[in-house]
Amino acid sequence: MNLYRSAQAVAGASGDNMIDWQSAADAAKAATEPGSLDVPAAEREAYARDVREARDAIRTVSGAEFDVPDTIEIQNRHHWIDANIATFERVMGTLESQVQTGTFPGVARTVNTGTMTVLLAFLGRNVLGQYDPLLLAETPADDHALYFVRPNILNAAEKLDVDADRFRRWIAFHEVTHAAEFGAAPWLSDHLETRMEDGIAALSDGSFNRASFRELDAAMTVVEGYAELLMDHAFDDEYADLRRKLDERRQGRGPLQQLFRRLLGLGLKERQYKRGKNFFEDVVSARDLETASLVWEGPAYLPTHDELDEPELWLRRVDR
């Protein structure tokens, strides 16, 4: 880790955009230890086996026809930053093209680049695994991707005092559930992209599109909640202790880390997971897993915000 080199990269931010993305990536990597990728052959095979077995188990319990992405990478932290910088740039692109840089554009660019550097570095040190649907990609036909940030997985397993192989397998199952969701619902990427673009476009005009963000939040709540539902049925071991220890670790972080989590919306993601999990547990209790899977029939089958809190309303609307 070289904080001086990181600061140099931020100070050297240039170009015409509100963020110098290459400088942000360089600075984030300079501020972050990459971690080892000296992966023994047996461990590589274990990653591949976990993904295959997760795919097979989730296919069985869900009945969904899907496959895992062709791109499956065991990454270090620098690899994760490189893989995600383009995503951040795509998401910010609509807003960036319309926001005025102010009287001192060079100063604003440096501040914005520094802010993005801090966020990228924080995420690079904390993300364990990621299913990447490549939202807003210029070529939608590009395959989705599955990443495992090995140094973070090993570090978290050690701090949580859990078996690293079991922890890695749990992460693999969770990320493959997301592959199942997007595979079962080819329309999902377009649905999320449209809400993101509408919301960002409104922000760039100085307004707030509440409807788009509420629909985006509802859809992501379904994505997180259904993933937990599949985990409950597909994972071949108990994992309540893993979830509990991970939640305790998050809650025990210092004030600065908690602030970053709020800025990045990670607290919102945890709320989505809990709210979505409760919704699907109620649906399965009242009906069955097949009924819960109706959410992937099309956008009209997604629960509204009100229906997420009152699943019986959704059941009356869509149950066959």
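Buried, for today, means under 20% relative accessible area. Keep that in mind. And remember that this is a predicted model.

Start with Tyr 226. Its relative accessibility is 4%, so Tyr 226 counts as buried. Trp 296 comes out at 6%, so Trp 296 is buried too. These two rings form an edge-to-face aromatic pair. Their centres are 5.4 Å apart, with 85° between the planes. Where do Tyr 226 and Trp 296 lie? Tyr 226 is in helix H9, residues 210-234. Trp 296 is in the loop between helix H13 and helix H14, so the pair ties together parts 70 residues apart in sequence. Both rings belong to one aromatic cluster, along with Trp 187, Phe 279, Phe 280 and Trp 314.

Next, the sheet. It is open, with three strands in the order E1-E3-E2 and mixed pairing. E1 and E2 stand at the edges with a single partner strand each, so one side of each has no neighbour in the sheet. E2 and E3 run antiparallel, joined by four bridges. Tyr 131 has Leu 146 in E3 as its bridge partner. Helix H7, residues 164-184, packs on the sheet and touches E2 and E3. Helix H6 lies across E1 and E3, at about 50° to E3.

Now back to aromatics. The structure holds eleven aromatic pairs. One of them is Tyr 47 with Phe 148, tilted, at 5.4 Å centre to centre and 55° between the planes. Tyr 47 sits in helix H3 and Phe 148 in strand E3, 101 residues apart. Both are buried.

Last, the charges. Arg 168 puts its charged end over the ring of Tyr 47, 5.4 Å from the centre. Arg 243 lies over the face of Tyr 273, at 4.3 Å from the ring centre.

Definitions and conventions
Residues numbered from 1 in each chain as written. Predicted model: local features only at pLDDT ≥ 70, side-chain atom pairs only at ≥ 80, totals over all residues. Heavy atoms only, no water. Pairing = 2+ DSSP bridges. Helix = DSSP H or I, 4+ residues; strand = E, 2+ residues; numbered from the N terminus. Contact = heavy atoms within 4.5 Å. Axes fitted to C-alpha atoms, helices over the stretch in contact; angles between N-to-C directions. Phe/Tyr/Trp six-rings, centres within 6.5 Å; stacked < 30°, edge-to-face > 60°. Buried < 20%, exposed > 50% of the residue type's maximum accessible area, 1.4 Å probe, protein only. Lys NZ or Arg CZ within 6 Å of the ring centre and 35° of its normal.
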